[in-house]
Amino acid sequence: MGRVPGTGMRLMTGQQGGPARPMTSVTSTGYRSTNDGQFNPLNMVDSSSAALAKLEVREGSAFDGARLETTSDESAVREQVTKDDEARAMEKEVNSLIEAAAENGIKGKYGAALEKAKEAHKKERALCRHREQHGLADQINLDLTFAVAFNLANCYHQNGLYDQALQTYSIIVRNHQYPQAGRLKVNMGNIHYEQREYNQVRVAPPALSGSDQVAVLSRLPA
């Protein structure tokens, strides 16, 4: 009888000149003759990948709403910050126009001062509308509004436009949000005095303090 081949004899089968076959068959244990180098017995890797993909899809669908809501909130905050920055830039521009009007008035350039005052008034109104439209009404600067209106009235007065000056002063005085606006009646009295409307001058003092009344009344003719 032939002898059962041992390890030494089996090695001989792979030598040159022998039949070309693998030393041990590994196909049934899960190896494949491909270049991916993956060990995939019973197709377990593919099955796990598919299950993981399904899980990711389910998780994504469950949290899509929350993600969209968070993104929307962040966008709203960024937009609000941007609108606030725009308002601050507009307010800075209005202040610059008020200063320019005052400087021109000091130099006797009353026409140029009035143009700057009108432009400041226009931009301040646009600023208020901007803040109201974007939920920033609580940031409306009443001091700035007062300064713009007073500057405009003063420029009208400097240019001899008495009716426009009196009308602007009246709007300020009637606004109860400006507690010190009553003192501007002195300015209104000065305009009436310059026009020799002495009866109108006497209407203003009762709303003024004692010192202001004296200042106005002292300039009236005997």
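Colleague: At roughly what angle do the axes of α4 and α5 cross, and are the two helices roughly parallel or roughly antiparallel?

Modeller: This is a predicted model. In it, the axes of α4 and α5 come within 7 Å and cross at roughly 160°. Angles over 145 degrees count as roughly antiparallel. The crossing of roughly 160° therefore makes α4 and α5 roughly antiparallel.

Colleague: How many charged residues are in the contact of α4 with α5?

Modeller: On the α4 side, the residues that meet α5 include Phe146, Ala149, Phe150 and Ala153. On the α5 side, Tyr162, Ala165, Thr168 and Ile172 are among them. The contact of α4 with α5 divides into nine nonpolar residues, four polar and no charged.

Colleague: Is the crossing of α3 and α4 left-handed or right-handed?

Modeller: The axes of α3 and α4 come within 9 Å, at a crossing angle of roughly 155°. α3 and α4 are therefore roughly antiparallel to each other. As for hand, the crossing of α3 and α4 is left-handed.

Colleague: How many charged residues does the contact of α3 with α4 have?

Modeller: α3 contributes residues including Lys118, His121, Glu124 and Arg125, and α4 contributes residues including Val148, Asn151 and Leu152. By class, the contact of α3 with α4 has twelve nonpolar residues, four polar and, for charged, three.

Colleague: Within what distance do the axes of α5 and α6 come?

Modeller: α6 covers residues 185-194. α5 passes α6 in a left-handed crossing, and the residues that meet include Leu166 and Tyr169 in α5 and Met188 and Ile191 in α6. The axes cross at roughly 160° and come within 10 Å.

Colleague: Which helices each supply at least two residues of the lining of the largest pocket?

Modeller: The largest pocket has a volume of about 260 Å³ and is lined by 14 residues. The helices that each supply at least two residues of that lining are α3 (110-133), α4 (142-158) and α5 (162-174).

Colleague: Which residues lie nearest the centre of the largest pocket?

Modeller: The lining of the largest pocket divides into six nonpolar, six polar and two charged residues. One of the residues nearest the pocket centre is Ala149, which is also among the α4 residues that meet α5. The residues nearest the centre are His121, Ala149, Thr168, Ile171 and Ile172.

Definitions and conventions:
Residues numbered from 1 in each chain as written. Predicted model: local features only at pLDDT ≥ 70, side-chain atom pairs only at ≥ 80, totals over all residues. Heavy atoms only, no water. 1 Å grid on protein atoms, 1.4 Å probe; cavity = no way out; pocket = protein on both sides within 12 Å on 5 of 7 lines; lining within 4 Å. Points joined across faces, edges and corners; volume = space filled by probe spheres on them. Helix = DSSP H or I, 4+ residues; strand = E, 2+ residues; numbered from the N terminus. Nonpolar A, V, L, I, M, F, W, Y, C, P; charged D, E, K, R; others polar. Axes fitted to C-alpha atoms, helices over the stretch in contact; angles between N-to-C directions. Parallel < 35°, antiparallel > 145°, perpendicular 65-115°, else oblique. Contact = heavy atoms within 4.5 Å. Left-handed = near helix turned anticlockwise from the far one by under 90°.
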